[in-house]
Each structure stands twice: as C-alpha cells, then as structure tokens.
Amino acid sequence: MYVCLCKGVSDHAIVASVEQGARSWRDVQRETGCGTQCGKCACMGKQMVREAVSEQLSLAREGLAYAV
C-alpha cells in the first residue's frame, strides 16, 4: 500500500528502511522522502516506523537479529 502518494513511498519501503538501519521517523524521511512534501502521510508513516522499530528490537532481544 502507498503511504506517501507525493513521493510514491510504500509501506514496504518504510519497513525496508528500518530493516536497513533507520531507527527514527527522521531517518526514514531522509531515506524515502516520506512526509516531506504535503505531510498528510506523516501520522501513518510515524506509526509504521514505531511498529517496525519495535519489531526489529524485539527480534534483537530474541537473538534472531542484531539491532544496529
């Protein structure tokens, strides 16, 4: 699903950004451009980042992945 229509950013792109090391909304914005034009997607984008970061940290605690 597209989260940011202005920049063409999908939910998969946001999750991939977190999987590649982004740990904040600002990190994801820098990498994807999500939420940098009209801003209507910011609430959804921030929520997705929080969930993805939580998932990555949970995996790290379980020893299945390393948090960067």
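Setting aside neighbours within four places in sequence, Val-3 contacts Val-9, Ser-10, Asp-11, Ile-14, Cys-34, Cys-41, Met-44, Gly-45 and Met-48 (contact: heavy atoms within 4.5 Å). This is a predicted model: local features need pLDDT of at least 70, side-chain atom pairs count only at pLDDT 80 or more, and totals for chains, interfaces and linings use all residues. Residues are numbered from 1 along each chain as its sequence is written, and side-chain values use heavy atoms, with hydrogens and water left out.

Val-3 sits in strand β1 (strands are DSSP E runs of at least two residues; helices are H or I runs of at least four, numbered from the N terminus). Val-3 is buried, at 12% relative accessible area (buried: under 20%, 1.4 Å probe, protein chains only).

The largest nonpolar core has 15 residues; Val-3, Ile-14, Val-18, Val-28, Cys-34 and Val-49 touch the most other members. Such a core is a set of buried Ala, Val, Leu, Ile, Met, Phe, Trp, Tyr and Cys residues joined through side-chain atoms within 4.5 Å. Helix α3 gives the largest share of this core, five residues.

| Residue | Contacts (within 4.5 Å) |
|---|---|
| Val-18 | Arg-23, Val-28, Val-49, Ala-52, Val-53, Gln-56 |
| Asp-11 | Met-1, Val-3, Met-48 |

Asp-11 lies in helix α1 (residues 11-19).

The chain's mean pLDDT is 91 (the predictor's confidence in each residue, from 0 to 100).

Key:
Buried means under 20% relative accessible area, exposed over 50%, partly exposed in between (1.4 Å probe, protein chains only).
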